Amino acid sequence: MKIDNKIAKALKNDFPIFRNNLGLVYLDNAATSQRPASVLNAVKEFSERDNANVDRGVYSLAERAMKKYSQARKIIANFIKAEPEEIIFTRNTTESLNLLAYTIPSIIPKNKNEILITEMEHHSNLVPWQQLAKRQGFKLKFAKIKPDFTLDMENLRENLTDKTAIISLAHVSNVLGTINPVKEIADLAKSKGAIVIIDAAQSIQHADINVKEIGCDFLAFSGHKVLGPSGIGVLFGKKELLEKLPPFNFGGGMISKVTKEDSKWAEIPEKFEAGTQDVAGAIGLAEALNYLKKVGLEGIKEWENYLLKYALRRLKEIPGIKIFSPGEEKSISLVSFNLPGIHPHDVAGLLNEKKIAIRAGHCCAMPLMEILKASGGVCRASFSLYNTLEDIDLLVDILKEIQEKFK
Amino acid sequence: MERGIPESMYRKHILELYKNPSNFGILKNATCSGTECNSVCGDEITVQMITKDGIVKDAKFSGSGCALSLVAASLLTSKIKGRKIESIKNLNKEEIRKLFKTKISSSRIKCMFLPLEAVKKALK
């Protein structure tokens, strides 16, 4: 479906948050997206009709719960073109990446001791690797960004060596919006025998993701950034690698046999899913992906890109504004900016007084803030399918008012 | 449900004090000084004081931050001038809150108290 301003306005009706917060202009979608009624209902319905522990219950209710859980896994796998057993449920992107950071050393060849990330990583794709490097005595390297806010591919190539064990990078920067050429990077990394990990937290709602086409070994994302519930996340891993990796959490559900002395692990994906999982969350996430498909991924992408283009054009009307964006062709629908001489928290505080919600601060990317010379952080407006041109007009109008107020 | 637009944190007297701060600058002959920063928002406030006979004779602040932390520093340095050190050490957050004469939202409370922390650090 092609989305225009009228349709976007109508889409808001699918999201109860807007009914319960009249006049809310929600522009913090990169932090968390809102949830359509169909997702909320799917979670509720599961709890009301089908809830049972999915771990080998032998009664009908448990079988039904298990069936729904398996269906959810299949829908999620299809969405990123993976196999169901390659989908590990976690709490969120952060947990997915931590799972890897703790288990991956056992599959790293002895001659490799470098981890390569980029300067635009969210803390969740930085701190786990920084700490792994400290634990293992590895070297953590950062591929640089260019003045146009894109990744410096030449620098990345220089940093990628035969010693690179892992390259882990954001598909899309949560601050700059920059879409990184992950397929090209995966190809380069493979030629050096490195493991390729993609942080898809920001891209999952905005880009068609095909793990086979990208050629990554692992990919992580969160449900709550793709219209799903919070508390459910995904780690995709190539089957043969997941089979090699040791478990992360130990306990019920992840074993095939336990004696007093030792244990044997269950097959994937269960090997990585110790304890009772967030089954309702998984079902909610699957429903969110169904909702997106129903609205139409291509139409959403086009509309969101149009919103970004419009926002960039309108924001540029503000004298002295500093915009941290590579432009609409290289970015998903978010834009970070600063008003000269006004702290981002003051900007966000004043926008809030007009019911406009944006993010302000370091956006969990402190090293990037240093590079951007934004010690107080940035203001970030991020858009989703339900945002309208009026949302952006209001944002820009109030930003102009704020600038007047602070003169 | 909808609760209406909150009262502005940035009322006229706050914005005025942000544009024309009280006691902003460097205090020559300061007898003590304290710096506090909030790395999360990049705010950094230094409060300098001249103390004599257990009393704060003069106070100035410097640094950078959001309007609320800078206004808090103006308000606080004005309040502590001429006061006994012991009573300043006992200043509580409620008293700072009252100085603002406007409601500060929960996400911005830290900004409001940053200068007080700098003062207490200086007087330690």
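**A sheet and a domain boundary**

In chain A, strand 12 and strand 15 run antiparallel and are joined by four bridges. Strands here are DSSP runs (E, at least two residues), helices are runs of H or I of at least four residues, and both are numbered from the N terminus. This is a predicted model, in which local features need pLDDT of at least 70 and side-chain atom pairs count only at pLDDT 80 or more, while totals for chains, interfaces and linings use all residues. Residues are numbered from 1 along each chain as its sequence is written, and chains are lettered from A and ligands numbered from 1 in the order in which they are written.

Within this pair, Ser336(A) stands opposite Arg380(A) of strand 15 of chain A.

Which strands make up the sheet, and in what order? It is an open sheet of four strands in chain A, ordered 11-12-15-14 with antiparallel pairing; two strands pair if DSSP finds at least two bridges between them. Strand 11 (322–324) and strand 14 (359–361) of chain A are the edge strands, each pairing on one side only.

Let us turn to the domains. Chain A is divided into domain 1 (5–27 + 296–405) and domain 2 (40–293), with bounds from an automatic or database domain assignment. Their centres, taken over C-alpha atoms, are separated by 28 Å. In chain A, 24 residues of domain 1 are in contact with 27 residues of domain 2, contact meaning that C-beta atoms, placed from the backbone, lie within 7 Å. On the side of domain 1 of chain A that touches domain 2 of chain A, helix 12 of chain A gives the most, with four residues.

Conventions:
Contact = placed C-beta atoms within 7 Å.
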